[in-house]
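Subject: Structure for your review

Dear colleague,

Please find below the structure that I am handing over to you.

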Amino acid sequence: MLTQSIKDALNQQIAMEAQSSQAYLAMASWAEIQPGLDGVTNFFYQQSNEERVHMLKLIRYVNERGGFAVVPALPQPVVTFQSLQRVFQDFLHHEMEVSASINELVGLTLQERDFATHNFLQWYVSEQLEEEALARTLNDKLELVGDDKSGIYMFDKDILLFRGHAGPDSNATT
């Protein structure tokens, strides 16, 4: 059985994962109406779906442990962006916020000696390491490219190579 504080914290994480999915869906929609960003569009559609899967995994866990997972109402995400670089800066910032939230949740499970939930959350800890590394890698590449149109073209063409990887040398999968 989950304590009330663990249930509340897990439901907050469910909301954060849902917000992540919505934010990345908005990024995908923005990218889709920009000329020539098909790779970025597909990347963020996939990223949105991945975050939804993370949310569903949490919902199932809470309900299986005797809690009640609350499907959250969501605020409107940002829907327009100044630049492609800004999209990826926001992506990194968002992933860092999710990591901080997961870390707080893991700390609470240790405080409350809820080792089953602690064990369950280790998958999220590993996932966030990969997500942050991916976001940093993509931001670094865009920083190298700057406003060079041929560089942005290559970035867009190659971005899906990074799905499931922290980078080209990584063996990590999501």
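Glutamate 132 and arginine 136 both lie in helix α4, and because they are four residues apart there, about one helical turn separates them. These two residues form a salt bridge, with 2.9 Å between the closest N and O atoms. Glutamate 132 has a relative accessible area of 15% and is therefore buried. Arginine 136, by contrast, is partly exposed, since its relative accessibility is 37%. Please bear in mind that the model is a predicted one.

Aspartate 90 forms a salt bridge with arginine 86, and the closest N and O atoms are 2.9 Å apart. With a relative accessible area of 38%, arginine 86 counts as partly exposed.

The next pair is arginine 65 and aspartate 114, which form a salt bridge whose closest N and O atoms are 3.6 Å apart. This pair links distant parts of the chain, its two residues being 49 residues apart. Arginine 65 is located in the loop between α2 (38-64) and α3 (84-111), while aspartate 114 is located in the loop between α3 and α4 (115-145). Arginine 65 and aspartate 114 are both buried.

Yours sincerely,
A colleague

Key. Residues are numbered from 1 along each chain as its sequence is written. This is a predicted model: local features need pLDDT of at least 70, side-chain atom pairs count only at pLDDT 80 or more; totals for chains, interfaces and linings use all residues. Side-chain values use heavy atoms; hydrogens and water are left out. A salt bridge is a side-chain nitrogen of Lys or Arg within 4 Å of a carboxyl oxygen of Asp or Glu. Buried means under 20% relative accessible area, exposed over 50%, partly exposed in between (1.4 Å probe, protein chains only).
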